Every structure is written in C-alpha cells, then in structure tokens.
Amino acid sequence: MKKCLRLFAVVVILAGALPGLPALAQTVYRCGSVYSQTPCSGGVALDASDARTPAQKAQTDAAAAQAAKSADGMEKDRLALEKSRVGKPPPKPAKSPQTAKSGKATDQVGSTSGKKKKEPDYFTAAAAAKPKKSAPATKESGNTEPVANTDKPAKP
C-alpha cells in the first residue's frame, strides 16, 4: 500500500514538473448538493481548472514530498522504539507538578502527609469489600445476658 502511494506521489510530481503540458480542465456540474461529470437537469456548470501557477504547483508538490519523507522517517523511528521495548514494562508516568514541588504525596483532600502513598501504575476496578456481619447470639452458647463484674467491689 505504501509503495503504491509513493509511486503515485512520484508520478504526480513528475507530471506537474513536465513543462509544456496544458492543464486539462474538466467541466463539473453541480446538481443540488451532488457534483457530477455528466450534465443534469437544472445543473450548474462549474470550472474545475487549477488556478495555481506552475511555480506554486511545484512548490506544493515539493512540500508534499518532503512531508511524506519526514513521515516515513518518524514511522521508522517509532517502529524501532516499539521493537526495543518488547517485553519491557511501560515507562512510569511523570510526577504531577504538585507532588514534584513539595516532594510529599497528597491525599484526595489536598493535605500533605509525611508518608508517601504507593500508587499503582495503572487503574484497576474492584468491588467494594462487604462489611463482616457479627454472628447472632444463639441459645446454644449459653446465657446471653450481661454478667456483673465480680472482680471489683460494688460502690454503695
């Protein structure tokens, strides 16, 4: 696919650079909100010729070729970087400006604490823990009424 695009770009650049070739203007017809090469009833003929000078066209083509070359170089760099990172953990995110200034972690309310909280590198959703229910008292366990403390004498 990329080879086809490159070949197309080269052909367009060469076609634009060839001197002496007249620009072939086609008549385009506007039929409502649709554009067509064939006339239609009530259609309006539009001029679709290129109004740029040959120098402007050559400059645009050169800029497009340079952008394509730059994009190919960036793609190669990205692929090489991705290949070098295969099997390695992703880089750690940068510290927030607030944490970087004070050097202390802040809780959700914004107050600083002396201890840094270990934050995970990624978010994991988890269900809230259910509170433990205390076992109901049964008659098998014996007397469920409170017993007076006999270790200390009662005050009169």
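Start by selecting Tyr 35, which counts as exposed at 51% relative accessibility (exposed means over 50% relative accessible area, buried under 20%, and partly exposed in between, with a 1.4 Å probe and protein chains only). Before moving on, note that this is a predicted model, in which local features need pLDDT of at least 70 and side-chain atom pairs count only at pLDDT 80 or more, while totals for chains, interfaces and linings use all residues. Residues are numbered from 1 along each chain as its sequence is written, and side-chain values use heavy atoms, with hydrogens and water left out.

Tyr 35 sits in strand E2, residues 34-36 (strands are DSSP runs of E with at least two residues, helices runs of H or I with at least four, numbered from the N terminus).

Next, show Cys 31 and Cys 40. Their sulfur atoms are 1.5 Å apart and form a disulfide (a pair of cysteine sulfur atoms within 2.5 Å). The link is left-handed, with -110° about the S-S bond. Cys 31 is partly exposed at 23%, and so is Cys 40 at 29%.

Now colour by charge. The whole structure holds three salt bridges (a side-chain nitrogen of Lys or Arg within 4 Å of a carboxyl oxygen of Asp or Glu).

- Arg 52 and Asp 50: their side chains meet at 3.0 Å, N to O.
- Asp 61 and Lys 57: the closest N and O atoms are 3.4 Å apart, and both residues lie in helix H2. Asp 61 is buried at 11%, whereas Lys 57 is partly exposed at 23%.
- Glu 82 and Arg 78: the closest N and O atoms are 3.1 Å apart. These two are four residues apart in helix H2, so about one helical turn separates them.

Finally, zoom out and colour by pLDDT, the predictor's confidence in each residue from 0 to 100. The chain runs α-β-β-β-α-α from the N terminus. Which element has the highest mean pLDDT, and which the lowest? Helix H2 (residues 54-84) is highest at 95, and helix H3 (residues 97-102) lowest at 59. Where pLDDT is low, the predicted coordinates should not be read in detail.
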